[in-house]
Amino acid sequence: MYFVDVILPIPVENAFTYRISEAEYSFIKPGMRLAVPFGKSKIYTALAIRVHQEEPRIYEAKEIEQILDEVPVVHLAQLNFWQWMASYYMATLGEVMRAALPGAFLLESETIIKRLSKNFTEEHLEDLDDESITILNAFKDQSILRISEVMQVLGKKKVLPSINRLIDLDLVALDQEIYEAYKPKLVKYVRLTKEYEEEVNMHIALDELNRAPKQRELLLNYFSIQARAKKPIKAKELQEQSGASSAQLKALISKGIFETYKIQKDRITYSGKEDSAVKQLNDQQEQALNEIKASFDLHEVCLLHGVTASGKTEVYVNLIKEYLAEGKQVLYLLPEIALTTQLVSRLQEFFGNQLSVYHSKYSVHERVEVWNNVLNKAPKAQLVLGARSALFLPFENLGLVVVDEEHESSYKQYDPAPRYQARDAGIVLAYQQGAKVLLGSATPSLETYYNASTGKYGLVTMKERYGNILMPENSIIDIQEKHRKKRMTGHFSDDLLRAITDALDLGEQVILFQNRRGYSPILECNTCGHAPQCPNCDVSLTFHKHRSQLRCHYCGYHIAMLQKCMACGSEELDTKGFGTEQVEVELKDLYPEHNIGRMDSDTTRGKYGFEKIITAFEQGEIDILVGTQMLTKGLDFRNVTLVGILNADSMLNIPDFRAHERSFQLIQQVSGRAGRTQKRGTVLIQSYNPHHQILQQVSMNAYEKMYHEQLEERHVYKYPPFCRTIKITLKHRDFQKIEESSVWLGQALKNVFKDQVLGPEPPPVSRIRNEYYRNILIKIPRKQSLEKTKKAILKIRSTFLSISQYRSVKIVLDVDNY
């Protein structure tokens, strides 16, 4: 009798054992995928972790359906990493497996497939077997099929190979993988050739053009536009203003007076020249690079603390180059998909085809391709750039992990499990593979800086911007006083408007930051004060003007914009507060002749959402970009000289022990987008409380001061880095039941952990999607064993779930919940 132990992509604690034949026993290796029956009728893709001859005692082993792989798709080293992640973050191996494997690896009986009929040609008939053709015929009556329905059509359970064949031929697609395709817009610009930039030659050209008045007018128009706007001149715009045809413009190009160029990937946009070789490091960067290498002799992890625009990316690039030259793999982690857009074009110039990109906006094919390239150590997957999910790729020969903007909260996965912190998990992955870790940030998280200053990590600092450019000049505007003196236009103070107008007149770009999307967070009746609430959550509905609807940002519930109050019928409805959409609308009224762009999660849906906006902004098509915190993530725009923060207080007043640290990081990072070339940038921060210590520290770029002050508070109130925290969230639809069960669980935990337990407590938004929430926080001092604490918590949880009336209460465990 031969058996195989498998993990299933479902939240169950144990592995399951299935029966296999002797031939399968000799063929199956740990890390291969198998299709197995589970429960009464479901089929799952499972992962083999061990083959053996021990029969399970508790249940009778079922037979597997089929083997899906020729070779393992997961390494043993990866399985060790998964096991660490499951035990540390109190998740199950199945949950880690579901998070780690690309969706195409996890076909199940409930997966939906769609027919892509336009891709079908006669040649496909030769590649398809009878079963695949039967599946295609089944689509005649409907556009989608579940895999369980395909099983019925074919009258057998082994259907996955036929479906995979159709996916490979692009004839069907998994439902969640229908993506838009975006081609970056290439805009044609015109400039004078080198020869005609000289005044003497220009006069000769003008004399010669006396016989061609239209061409002469084109040339003169070029000078007048250039004098007005210091921006690249579009060919189309020049033609329209001169009333000329494209033939007349072509004539000037063929005479060698004009040349055209296109802007898209060009980093230094305004010269139209490409830079491809790795930049020569300046003295500060050279010193930082040498210090990092020296630090790696003593420490596994090194923190590079460099101010914004100090050229950290060039340091990473030079370090990565050395590891790639040794034949090692490098993982470059970024917090936001928006950032990969800019970095890919930069890194491709240096590393060409050695670079692969991996994140959730990529289609199943692209992700599987990257996975297989990393698995087979293909030359095109030596350097992997990705968001947090790239941690799970099958690395075997990892030499370096770079975590850029390591302070970012986006590295934390909140839902679903495993709720891991990619920076911390990356450090463990590197340790398991004998690799080094470089953490980079202008505003490191308190925990990382604490580890660096106590000697656990190496620390390297870069205090000056690249090319000795000055840090932006920060000013705080008291909007309470401005309101009193009636100097506000909408949400803009007179100072901010003056600065925006000046920047636009000089042909420069402006970024405005408001950390809330939508038009207005509250719609209120002026007569009775009623504000429409979401029926499923404890929040007011946000008004979105362009769709003319009220939306809930938690559950997606939406209704058409109200014409009168739901409570009293009055038509006097007013909006309170403001979001990015309202800022955009106000700016369009104030600056009608300029282009205003908006970057938030409403405008960046789809695979290329970020790329469209970032490309347009880089090409100078957008003059003012309004956005949420997506804007703060290390983006590099060369022509931005002014950054405005419209309401700094909204960040400072969040009920969270990290609110002040996060506000400092956000404001400092968004300020860092200004003045990244020779001209010094300006940052204007609007606030009702200009004397707040965090705003004062930001205006002086005093990171150390903020660090010591926050550390002192954390020490007094026992928060990280002086203790670990585990948050337990309970959810249920019945208010009475959630009250009782949370009190019971809180008491059981207090019996063991005494005063280390806070709660149970309703969170600020205590009902989402008709479920009531209660939070319990456990603080674990440094000297207390984390492992024993977790065991005690799991024991209390299983006792709790054995009480019949509490069994329906969902419990979520979140380790290191910050």
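The model is a predicted one, in which local features need pLDDT of at least 70, side-chain atom pairs count only at pLDDT 80 or more, and totals for chains, interfaces and linings use all residues. Residues are numbered from 1 along each chain as its sequence is written, and side-chain values use heavy atoms, with hydrogens and water left out.

Let us begin with the open sheet of seven strands, whose order is S14-S15-S13-S16-S17-S12-S18 and whose pairing is parallel. Strands here are DSSP runs of E with at least two residues, helices are runs of H or I with at least four, and both are numbered from the N terminus. Two strands pair if DSSP finds at least two bridges between them. At the edges sit S14 (355-358) and S18 (458-462), each pairing on one side only. From one strand to the next the twist averages 20°, with axes being lines fitted to C-alpha atoms (for helices over the stretch in contact) and angles running from 0 to 180 degrees between N-to-C directions.

Within this sheet, look for strand S13 (residues 329-333). All five of its five residues are buried, so S13 is largely enclosed by the rest of the structure; buried means under 20% relative accessible area, with a 1.4 Å probe and protein chains only. In a regular strand the side chains alternate between the two faces of the sheet. Here Gln329, Leu331 and Leu333 point one way, while Val330 and Tyr332 point the other way. S13 pairs in parallel with S16 (residues 398-404) over five bridges, and glutamine 329 stands opposite leucine 398 there. Four bridges join S13 to S15 (residues 383-386), also in parallel, where valine 330 has leucine 383 as its bridge partner.

Now turn to helix H13 (residues 312-325), which lies across S12, S13, S15, S16, S17 (436-441) and S18 and runs at about 170° to S16. Its 14 residues reach 20 Å from first C-alpha to last, close to the 20 Å expected at 1.5 Å a residue; the expected span is 1.5 Å times one less than the number of residues. H13 is mostly covered, with 11 of its 14 residues buried, among them Val315, Leu319 and Tyr323. Glycine 327 follows the helix, and its phi is positive, near 85°.

Leaving aside neighbours within four places in sequence, phenylalanine 492 is in contact (heavy atoms within 4.5 Å) with residues including Leu512, Val583 and Leu646.

A second open sheet has three strands in the order S24-S25-S26, with antiparallel pairing. S25 (residues 549-551) and S26 are joined over three bridges, and leucine 550 has isoleucine 559 as its bridge partner in S26.

Our last stop is a pair of helices, H26 (residues 735-753) and H27 (residues 786-801), which pack at an angle of about 145° with their axes 11 Å apart. The contact includes Trp744 and Leu745 of H26 and Ile793 and Phe800 of H27.

Notes. Buried means under 20% relative accessible area, exposed over 50%, partly exposed in between (1.4 Å probe, protein chains only).
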